[in-house]
Amino acid sequence: MSVFFRYGAMNAGKSIQVLTVRYNYLERHQSVFLYKPSVDTREGANLIRARIGLEAPVDAMIKPDTDVEELHARMVAAQGVPNCILIDEAQFLTRDQVRQFCDLSDRTGIPVMAFGLRSDFRGELFPGSAALLALADRIEELKTICWCGKKATMNARVVNGQVVMEGPQVLIGGNESYTALCRKHWKEGKSAPPLPA
Ligand SMILES: [Zn+2]
C-alpha cells in the first residue's frame, strides 16, 4: 500500500499526469476512482482538464465535509473495488481527509496518488499539501520553469498584471490568474521579464 504525493507549481503538468496515469490503468482494464476537491463549483469543475486539450470527468467531487470512507464504500458499491485512486488538486483536501485516504490505502492496499500544489500565493502550505508532505510514502516534485529559466517553485497570484501577496487562500470566480515563478521573482513580484528599453 502506498500513498503518493506529486507536487509542483502551476502548469507543471499535474493534470496531464493524472490523465496519463488514469489512461494507463484503463488501457490495462484496471479501474480507477478519479477525485477532485470541490472548492470550485463553476461549470466544468467536475472535469480534470489539461492545458494540452485532454480532459476526463471526475467520479466524485470531494467537499470539505466529505467522509472519505463513506465515499469509498458508496463508490465500491457502484463500481467495484478500484486498482488505484487518483486525486487532482489535492492541496484542497482537509488534513482529516488525507489521513482517511492513508488509512484507506493501509487497510485495502489500494494505491492513492495525489497531485497538487505545495504552497499558495503567499508562500504558505495548503492544508492538504501539508498533510501529504507529512504522511505520503513517496513524494515527487513535478518541475516547471520561471520566465527567467530557473526552476519555478512558487505560485504568484496576478491581479490586473500585478503580483499580489495578501488575500484569502482560495478565490473563486475572481479575475485573478496564477503563474509559476522562481522564489526570487515571486518575492520581487516580477511575473514577467522586464520590457526592453
Ligand atoms: Zn525567475
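Hi everyone, let's start at N11, which sits in the loop between β1 (3-8) and α1 (14-27). Keep in mind that we're looking at a predicted model. N11 isn't a glycine, yet its phi is positive, about 60 degrees. As a reminder, most residues other than glycine have a negative phi. N11 counts as partly exposed, because it has 17 C-beta neighbours inside 10 Å.

There's another residue of this kind to show you. E89 also isn't a glycine, and its phi is positive, near 55 degrees. You'll find E89 in the loop between β6 (84-87) and α3. Is E89 buried or exposed? With 25 C-beta neighbours inside 10 Å, E89 counts as buried; the cut-off for that is 20 or more.

Now on to the helices. α2 (residues 68-79) packs with α3 (residues 95-108) at an angle of about 50 degrees, and their axes are 9 Å apart. The two helices are therefore oblique to each other. Which residues meet there? From α2 we have V68, E69 and H72, and from α3 we have Q97, Q100, F101 and L104. By type, the residues of that contact are three nonpolar, three polar and one charged.

Last stop, the sheet. Three strands make up an open sheet, ordered β10-β9-β11, with antiparallel pairing. β10 (162-164) and β11 (177-181) each have a single partner strand, so one side of each has no neighbour in the sheet. From one strand to the next, the twist averages 50 degrees. β9 (residues 154-159) is joined to β11 by five bridges, and N155 stands opposite A180 in β11.

Notes
Residues numbered from 1 in each chain as written. Predicted model: local features only at pLDDT ≥ 70, side-chain atom pairs only at ≥ 80, totals over all residues. Axes fitted to C-alpha atoms, helices over the stretch in contact; angles between N-to-C directions. Helix = DSSP H or I, 4+ residues; strand = E, 2+ residues; numbered from the N terminus. Parallel < 35°, antiparallel > 145°, perpendicular 65-115°, else oblique. Contact = placed C-beta atoms within 7 Å. Nonpolar A, V, L, I, M, F, W, Y, C, P; charged D, E, K, R; others polar. Pairing = 2+ DSSP bridges. Buried ≥ 20, exposed ≤ 12 C-beta atoms within 10 Å, placed from the backbone.
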